[in-house]
Amino acid sequence: MNTNYLDNNHLVLVGKVASEKRFSHEIYGESFYIFDMEIPRLSETYDLIPITISERLINNNQLEIGKKMVVKGQFRSYNSYENEKSRLVLTVFAKDIIPEEEIEQRAETDDDIDLNISNEVTLIGHICKKPIYRKTPFGREIADALLAVNRAYNKSDYIPAIAWGRTARFCDTLETGTQVKAVGRVQSRIYQKKYEDGTVEDRTAYEVSISSLEVIKEDTDTAEEANTDQEAV
């Protein structure tokens, strides 16, 4: 079993601060805050990703709106209970932030930082339930998957992921419990939640868009790699 939890869930984002920080919670006297980060896509749009950060990592004016930074951390989930209903909430948990004025210098010595890649996450986890394969009205192949990624202290993060093209077909062959390594990017997506009374609410979903997918064979420590499509979303 893979117990290197930093390898199980590793993420690097390069983008700009897009909101003021807001208080999230406190644990053992340590305060945590959330702010939004704008991450550019190749399609000249952007993803708006929530970042959870400890007060210990916040110095001076690092979180000024519009400032560029690098965030290294993990893509995590937790359950939020509202009106006696549970909802899966996703956030990037920052373990290190690099302010704009230090990025180029750090990039020279830090193998994690590639300034040509603004958004990359690597997850090693197990398929929680049978992936759902489908085609769009335009014929694009899509598969939705849910990964359980082990974290320290017997915790797990449940990360929704989406695959495209040949990777979607490969994903459709995977059974519940299969251990996989997925590399991709964190993306945000706005959708509409419709209620029984006819009202509609705009919500934002977060997921990993998979660019490469491997099946990890734990008994031989080898991996079977999927054929992948590098499709822009």
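This is a predicted model: local features need pLDDT of at least 70, side-chain atom pairs count only at pLDDT 80 or more; totals for chains, interfaces and linings use all residues.
Student: How many residues does the largest nonpolar core have, and which have the most contacts inside it?

Tutor: The general idea is that in soluble globular proteins nonpolar side chains tend to be buried together. In this structure the largest nonpolar core has 40 residues, and those with the most contacts inside it are Ile-51 and Phe-75. Strand β12 gives the most to this core, namely five residues. Apart from it lies another core, of six residues, which includes Val-70, Ile-98, Ile-103 and Ile-113.

Student: Turning to pockets, what volume does the largest pocket have?

Tutor: The largest pocket has a volume of about 830 Å³. Its lining has 30 residues, and the closest to the centre of the pocket are Leu-88, Leu-90, Thr-204, Ala-205 and Tyr-206.

Student: Which strands supply at least two residues each of the lining of the largest pocket, and how do its residues divide by class?

Tutor: At least two lining residues come from each of β3 (30-40), β4 (46-54), β6 (85-99), β9 (141-151), β10 (155-164), β11 (179-194) and β12 (200-217); the largest share, seven residues, comes from β12. By class, the lining of the largest pocket has 16 nonpolar, three polar and eleven charged residues.

Student: What volume does the second largest pocket have, and which residues are the closest to its centre?

Tutor: The second largest pocket has a volume of about 670 Å³, and of the 23 residues that line it, the closest to its centre are Ile-27, Arg-76, Phe-93, Arg-151 and Lys-155. The elements that each supply at least two residues of this lining are α1 (5-8), β2 (22-27), β3, β5 (68-82), β6 and β10, with the largest share, five residues, coming from β5. By class, the lining of the second largest pocket has eleven nonpolar, eight polar and four charged residues.

Student: Charged residues bring me to salt bridges, so how many does the structure hold?

Tutor: The general idea is that side chains of opposite charge can pair when their charged atoms come close. The structure holds 15 salt bridges. One of them joins Lys-72 to Asp-112, with the closest N and O atoms 3.2 Å apart. Because Lys-72 lies in strand β5 and Asp-112 in the loop between α2 (103-109) and β7 (119-127), this pair ties together parts that are 40 residues apart in sequence.

Student: Is Lys-72 buried or exposed?

Tutor: Lys-72 has 12% relative accessibility and therefore counts as buried, a reading that rests on the cut-off of under 20%.

Student: What of Asp-157 and Arg-151, and which interaction do their side chains form?

Tutor: The side chains of Asp-157 and Arg-151 meet in a salt bridge, at 2.6 Å from N to O. Asp-157 counts as buried at 1% relative accessibility, and Arg-151 is buried too, with a relative accessible area of 17%. For a further case, take Arg-203 and Glu-201, whose side chains meet in a salt bridge at 3.6 Å, N to O; Arg-203, at 23% relative accessibility, counts as partly exposed, and Glu-201, at 32%, counts as partly exposed as well. Elsewhere, salt bridges that share partners join Lys-72, Asp-96, Arg-106, Asp-110 and Asp-112 into one network.

Student: Finally, how should I read the backbone, and what is phi of Glu-44?

Tutor: The general idea is that most residues other than glycine have a negative phi. Glu-44, although not a glycine, has a positive phi of about 70°; Glu-44 is found in the loop between β3 and β4, and it is exposed, with a relative accessible area of 77%.

Student: Where is the place of Tyr-153, and what is its phi near?

Tutor: Tyr-153 has its place in the loop between β9 and β10, and its phi is near 65°, a positive value in a residue other than glycine. Tyr-153 is exposed, with a relative accessible area of 75%.

Key:
Residues are numbered from 1 along each chain as its sequence is written. Side-chain values use heavy atoms; hydrogens and water are left out. On a 1 Å grid over the protein atoms alone, a cavity is a set of points where a 1.4 Å probe fits but cannot get out, and a pocket is an open set with protein on both sides within 12 Å along at least five of seven lines; lining residues have an atom within 4 Å of a point. Grid points are joined across faces, edges and corners, and a volume is the space filled by probe spheres set on the points. Helices (H or I, at least four residues) and strands (E, at least two) are DSSP runs, numbered from the N terminus. Ala, Val, Leu, Ile, Met, Phe, Trp, Tyr, Cys and Pro count as nonpolar, Asp, Glu, Lys and Arg as charged, and the others, Gly among them, as polar. A nonpolar core is a set of buried Ala, Val, Leu, Ile, Met, Phe, Trp, Tyr and Cys residues joined through side-chain atoms within 4.5 Å. Buried means under 20% relative accessible area, exposed over 50%, partly exposed in between (1.4 Å probe, protein chains only). A salt bridge is a side-chain nitrogen of Lys or Arg within 4 Å of a carboxyl oxygen of Asp or Glu.
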